Amino acid sequence: MIRQKIICGNWKMYKTIDETIDFIKRILPVVEESSALVYLAVPFTAIYPAVQEAKNTKLVIGAQNMNDASEGAFTGEVAGKMLKNAGASFVILGHSERRRFFGETDEVINKKVQRALKEGLQPMICIGETLEEKEAQQTEDVLNRQLSLGLANLDPNEISRAIIAYEPLWAIGSGHTATPETAEKMQAFCRRWVAERWGEEAAQQLHILYGGSVKPENASSLMSQQDVDGALIGSASLIPDAFTNIIKSCCEIH
Ligand code: PGA
C-alpha cells in the first residue's frame, strides 16, 4: 500500500503571529506543488491566523498539545474543541518534551488521544526510547509499553486515522539522527505491533513518521524506507528554506 508522505513541522515555543504568517507565505508555493501532505504544529496563539493564511491551500495546521477534559476549571489549559473551533486539524500528543518537562504519563496521553478523536482532531502520538534505554537494549520494551498504554481503547477505525511519530529521544535536537535502517526497523516493529492488535488493514493505513534531527541532507534517505511515512521536524522546520528543501527532497520536486 502506498501511503502519502506527511511532512510535519513542530515549532515548539517559537514564532509569533507575524512570524507565522510570513513563514507560511514563503513555503506555500512548494507546499502547493508537493505530492506530500504538509502539516504545521504551531503555538496556540498562532493557530487561528495560520489557518486563515492557509485557507484554500493544502497546508494543514495543528496544535502541539491539549487537555484531556472537554472543558472545565483548569486554568491555563486548552481544550480539543477549542483547537477544532480555531481551525486545527491535528494535535501532537505525548511529545517527549511534554513527558519530560510536564510529567505526562502514557495514561494521560491515552486520555488526550481519545479526547482528540472525539473532537474530530487527528492525534499524532509521539513515542521513543532514551539513550540509556537504547543502550540497555530496551527499545522494543519501551515502544511496547508506550503503544499499549497510549493507544488503549482505540478501535481499528480510530487507529487508522491516528499518526504515530517514532522519535528516539537521543535523536531529538542532538544532531544524531537515527540511521535509515534503525528508523525502518523500529517503525516496522510498530506497524507489526498495530497489525497484531487491530489487523493488517488498519496497520497499512496508519502513518508512522520518524522524528529526531531530520534535515534537508538526511530526509530523503530516511523517507525512502518502506515504513517511514514522513517526518516530524523540530529545528529545521523553523527555517523556510530548510523546511521546503525537506519537502522537495521527499517528493523529488525541484
Ligand atoms: P528536532 O526535533 O528535529 O529539532 O530534532 C524533533 C521534535 O522534537 O519533534
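The structure described here is a predicted model. An N or O atom in the side chain of Lys 12 is 2.7 Å from an oxygen atom of the ligand. A polar backbone atom of Gly 234 is 2.8 Å from a ligand oxygen atom, and for a polar backbone atom of Ser 235 the corresponding distance to an oxygen atom of the ligand is 2.9 Å. On its own the ligand has 290 Å² of accessible area, of which the protein covers 98%.

Strand E8 spans residues 230-233. In a regular strand, side chains alternate between the two faces of the sheet. In E8, Gly 230 and Leu 232 point one way, whereas Ala 231 and Ile 233 point the other way; all of these residues are buried. Strand E1 (residues 6-10) runs parallel to E8 and is joined to it by 4 bridges, with Ile 6 standing opposite Gly 230. Strand E7 (residues 207-211) is likewise parallel to E8, the two being joined by 2 bridges. Within this pairing, Tyr 210 has Ala 231 as its bridge partner in E8.

Ile 61 belongs to strand E3, which covers residues 60-63. The relative accessible area of Ile 61 is 3%, and this residue is therefore classed as buried, the limit being under 20%. Beyond residues up to four places away in sequence, Ile 61 touches Ile 24, Leu 40, Val 42, Ile 47, Ala 50, Val 51, Ala 54, Gly 87, Ala 88, Ser 89 and Phe 90. The C-alpha atoms of Ile 61 and Ala 46 are 9.7 Å apart in space, at a separation of 15 residues in sequence.

Gln 146 lies in helix H7, which comprises residues 139-150. With a relative accessible area of 5%, Gln 146 also falls under the 20% limit and is therefore buried. The side chain of Gln 146 reaches the backbone nitrogen of Gly 128 at a distance of 2.8 Å. Gly 128 is also listed among the residues that Gln 146 touches, together with Arg 99, Asp 106, Ile 127 and Leu 151, when residues up to four places away in sequence are not counted.

How values were computed: Residues numbered from 1 in each chain as written. Predicted model: local features only at pLDDT ≥ 70, side-chain atom pairs only at ≥ 80, totals over all residues. Heavy atoms only, no water. Buried < 20%, exposed > 50% of the residue type's maximum accessible area, 1.4 Å probe, protein only. Polar contact = N/O pair within 3.5 Å; in protein donor to acceptor, adjacent residues only side chain to side chain. Contact = heavy atoms within 4.5 Å. Areas by Shrake-Rupley, 256 points an atom, 1.4 Å probe, with all protein chains shown as cover. Pairing = 2+ DSSP bridges.
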